[in-house]
Amino acid sequence: MRFSENAKYTARELIKNQTYAEELLWQKLRNRNFTGLKFLRQHPIYYFKDEHKKFFIADFFCKQLNLIVEVDGPIHNKQKNYDKLREEVLKYK
């Protein structure tokens, strides 16, 4: 599977298994319901680390504002280092 296909597959799986909180927020953001802005859900964010192309999936992304919205649940208590890396990547995007 190619790299970008893997990212898209991962995003689709996350959409199928979204949390209740993500589902509630998506109902408010979808179809430009929130101030007319276009949001995408489970959107891949690509970056390079140690000369390797990598990605993570943002819960929600608005290109117009260059805004990522993350819905943090209990899983984030177990992945603090991963979340810190994502924050560092986004500072330079």
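Which residues does Phe 60 touch, not counting residues up to four places away in sequence?

Modeller: The model is a predicted one. Leaving aside residues up to four places away in sequence, Phe 60 touches Glu 22, Leu 25, Trp 26, Leu 29, Phe 39, Leu 40, Arg 41, Leu 67, Ile 68, Val 69 and Val 71. Several of these names return in the largest nonpolar core, whose seven residues are Trp 26, Leu 29, Leu 37, Phe 39, Phe 60, Cys 62 and Val 71. Helix H2 (20–29) and S2 are the elements that give two or more residues to this core. A second, separate core has five residues, among them Ile 45, Phe 56, Ala 58 and Val 89.

The strand S2 itself comes next. It spans residues 52–62, and eight of its 11 residues are buried, so S2 is largely enclosed by the rest of the structure. On one side, S2 pairs with S1 in the antiparallel sense over nine bridges. Within this pairing, Phe 56 in S2 is the bridge partner of Ile 45, and Ala 58 in S2 stands opposite His 43. The two strands form a hairpin with two residues between them, and Asp 50 in the turn has a positive phi of about 55°.

S2 also pairs with strand S3 (residues 67–69), again in the antiparallel sense, over three bridges. Here Phe 60 stands opposite Val 69 in S3. This hairpin has four residues between its strands, and Asn 66 in its turn has a positive phi of about 50°.

Taken together, the three strands form an open sheet in the order S1-S2-S3, with antiparallel pairing. S1 and S3 stand at the edges with a single partner strand each, so one side of each lacks a neighbour in the sheet. From one strand to the next, the twist averages 55°.

Two helices pack on this sheet. Helix H1 (residues 3–16) touches S1 and S2, and its direction makes about 35° with that of S2. Helix H3 (residues 80–91) touches S1, S2 and S3, and the direction of H3 makes about 85° with that of S2.

Not counting residues up to four places away in sequence, Gln 42 touches Ala 11, Leu 14, Ile 15, Glu 22, Ile 57, Ala 58 and Asp 59.

Methods. Residues numbered from 1 in each chain as written. Predicted model: local features only at pLDDT ≥ 70, side-chain atom pairs only at ≥ 80, totals over all residues. Heavy atoms only, no water. Contact = heavy atoms within 4.5 Å. Buried < 20%, exposed > 50% of the residue type's maximum accessible area, 1.4 Å probe, protein only. Pairing = 2+ DSSP bridges. Core = buried A, V, L, I, M, F, W, Y, C linked by side-chain atoms within 4.5 Å. Axes fitted to C-alpha atoms, helices over the stretch in contact; angles between N-to-C directions.
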